[in-house]
Amino acid sequence: MNTSETPADLVAAEDVLLFVNAAITATGQREFRSDAVGQQLSLDFLHAYVRVNYRRVYASSLALDINDHNALRIVLGLLETSGEASAEERRTEGRLIAARLALLPPQRVYRLFGEVRRAGINNRRTRAIVRDWLAARPDLGHDAVKYRGGVKTAARHIHLRCPEGAEPLAEVGAFLFRPGRLPRYEHRLLDAWRRAHYEQGAVAELPFTVAEGFAARHGMKREVFLKRAAPRMTRLERLRTQEQRVVGDRRPEIDLTAMPLTRLALYVLSLPFEQRAARRTELTGALRTAARRAAGGHAGSWGRVHAVLDDSFSSSGSGQKRRRPLAVALACHHLLEALAAPGAYRGLWTSGRGDALLVRPWGPTPLGMRVLDALEPGPGGAAPDRLVIVSDGWDNAPAGLAGEVLRVWRKRLDPGRRTAVVHVNPVYDADGFDVRRLAAGVPTAGIRDAEDLPALVEIARFAEGRTGAAELHAYLDRRVALFLGEKETVS
């Protein structure tokens with residue numbers, strides 16, 4: 001750490017890490033130990049505090065692996081307070097906002113545009129950002145059918161010019177603002193939507209979520225509708241409806257290996273134990289394939305890795321985030337296996353369960369006992385190169401043992417830090433404005449998707465206290481440059 005840094009610099013670095021952890025994990029939804037209102041109030045304070053005191057860092061967070069909820073809140077906050085930024089800051093913010101919006105799901109962006117309209121934000125920069133995003137959409141006609149209210153709100157707010165005539169934008173304008181004026185549309189989906197009002201055959205041509213409403217209106221049988229709509233479903237729509245599309249004993253073919261790792265883990269945990277056991281080869285193979293894809297160039301490079309994985313009762317999450325903490329732990333288990341050297345991974349669940357595919361939220365959280373087991377030398381008498389703890393941090397059997405074990409290990413047994421220890425926490429603690437930590441000397445980072453684990457380990461080192469504000473800001477600058485550079489290459 002740079003000894004020339006002042007206490008104010010260190011406080012600033014801590015504030016930045018606090019916000020980054022919150023922006024990665026918190027979604028304003030109920031958690032196991034806190035309600036939605038507490039989560040929202042805690043996030044409101046953090047966003048306002050960091051935006052006012054560290055505006056540059058606030059905008060730079062858009063280049064990090066934060067979740068969509070907080071990315072949209074940052075965009076809204078920056079647009080709402082444009083007058084507080086300098087001209088140079090506004091230029092950088094505009095590029096960051098445009099780059100982040102291009103990565104977000106369109107339904108979330110249209111929801112943001114609705115909030116922008118309700119907040120009365122309509123300056124020149126905002127109109128340019130909305131106009132450029134709409135212009136970059138691959139098929140605005142598709143959006144007009146699937147997200148009709150969102151497209152209409154955005155077009156009206158920025159006064160998008162939709163000329164008369166037969167060009168695509170003119171047809172979208174007629175569809176949104178002058179329905180029924182044209183006898184037919186050249187755009188396939190726009191015309192399918194027109195025909196679906198009186199023709200059942202046109203229903204299957206529409207996006208699934210739109211077609212469902214028309215199918216109900218026509219009184220179509222669910223199984224007939226799903227069979228016709230299957231070719232146009234997204235991968236997640238196929239997954240959600242597969243149980244309704246079973247023909248006899250045959251399950252529809254779905255390529256699970258193409259799914260993101262954490263989402264796949266959520267799907268696996270949603271299955272009954274009997275199905276998990278019966279489909280063991282398929283599900284385990286899919287998880288390992290997704291993990292190898294997520295590991296990318298880091299695969300096999302982490303040496304000997306031991307992990308402590310939390311499957312205590314609190315990993316059941318909440319009604320809004322059902323089994324999310326456990327899914328992150330399961331996904332991290334497979335990702336760490338891919339990151340470790342071949343045959344050099346050992347995963348320990350807090351319940352003592354040895355079958356990762358059949359884990360369930362159960363029992364207390366004896367993190368201390370499992371950390372002791374994980375620090376034991378592996379084959380050949382060698383300590384692990386890395387110890388990764390995936391838990392919400394509520395060590396309660398007995399309370400505080402994990403922190404004490406790690407403190408003694410670091411001070412007495414491993415002062416040279418041969419074993420790198422990191423704690424990743426999938427649950428935001430609203431009362432503490434951060435993710436819960438095990439011990440002061442253990443670097444902790446918030447995590448939402450296991451795929452982000454390699455990048456989060458890099459962020460976590462700043463929380464260890466051996467690097468300061470200068471290094472942290474340099475890291476943020478590198479991430480911003482990489483983020484904007486990649487987007488410029490793509491465009």
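Helices and strands are named here as DSSP runs, a helix (H or I) having at least four residues and a strand (E) at least two, with numbering from the N terminus. By that naming, His159 lies in the loop between α9 (148–157) and α10 (168–177). The model is a predicted one.

**Helix α15 against helix α18**

- Helix α15 spans residues 261–270 and helix α18 spans residues 324–339; the two pack at an angle of about 120 degrees, and their axes lie 8 Å apart.
- Because of this angle, α15 is oblique to α18.
- The crossing in which α15 passes α18 is right-handed.
- On the α15 side, the contact is made by Leu261, Thr262, Ala265, Leu266, Val268 and Leu269. On the α18 side, these residues meet Arg324, Leu326, Ala327, Val328, Leu330, Ala331 and Leu335.
- Sorted by class, the contact of α15 with α18 consists of eleven nonpolar residues, one polar residue and one charged residue.

**Helix α4 against helix α6**

- Helix α4 (residues 68–80) packs with helix α6 (residues 106–118) at an angle of about 30 degrees, with 11 Å between their axes.
- The crossing of α4 and α6 is right-handed.
- From α4, the residues Asp68, His69, Leu72, Val75, Leu76 and Leu79 take part, and they meet Arg108, Leu112, Glu115 and Val116 of α6.
- The contact of α4 with α6 comprises six nonpolar, one polar and three charged residues.

**Nonpolar cores**

- The largest nonpolar core holds 132 residues, and within this core Leu101 and Leu453 touch the most other members.
- Helix α18 gives the most to this core, contributing eleven residues.
- When residues up to four places away in sequence are not counted, Leu453 touches Trp302, Cys332, Leu335, Leu336, Leu339, Val424 and Ile447. Among them, Leu335 also belongs to the α18 side of the contact with α15.
- A second, separate core has 16 residues, including Val308, Leu367, Ile389 and Leu438.

**Backbone features in loops**

- Most residues other than glycine have a negative phi, and most peptide bonds are trans.
- The peptide bond from Ala397 to Pro398 is cis, its omega being near -5 degrees. Pro398 is placed in the loop between β3 (386–390) and α20 (401–413).
- His159 has a phi near 55 degrees, which is a positive value in a residue other than glycine. With a relative accessibility of 59%, His159 counts as exposed, because the cut-off for exposed is over 50%.
- Arg417 likewise has a positive phi, near 55 degrees, and is a residue other than glycine. Its loop runs between α20 and β4 (420–425). The relative accessible area of Arg417 is 30%, so Arg417 is partly exposed.

**Asp139**

- Asp139 is located in the loop between α7 (124–136) and α8 (140–146).
- Since its relative accessible area is 32%, Asp139 is partly exposed; that class lies between the limits of 20% for buried and 50% for exposed.
- From C-alpha to C-alpha, Asp139 and Leu41 are 38 Å apart in space, and they are 98 residues apart in sequence.

Technical notes
Residues numbered from 1 in each chain as written. Predicted model: local features only at pLDDT ≥ 70, side-chain atom pairs only at ≥ 80, totals over all residues. Heavy atoms only, no water. Axes fitted to C-alpha atoms, helices over the stretch in contact; angles between N-to-C directions. Parallel < 35°, antiparallel > 145°, perpendicular 65-115°, else oblique. Left-handed = near helix turned anticlockwise from the far one by under 90°. Contact = heavy atoms within 4.5 Å. Nonpolar A, V, L, I, M, F, W, Y, C, P; charged D, E, K, R; others polar. Core = buried A, V, L, I, M, F, W, Y, C linked by side-chain atoms within 4.5 Å. Buried < 20%, exposed > 50% of the residue type's maximum accessible area, 1.4 Å probe, protein only.
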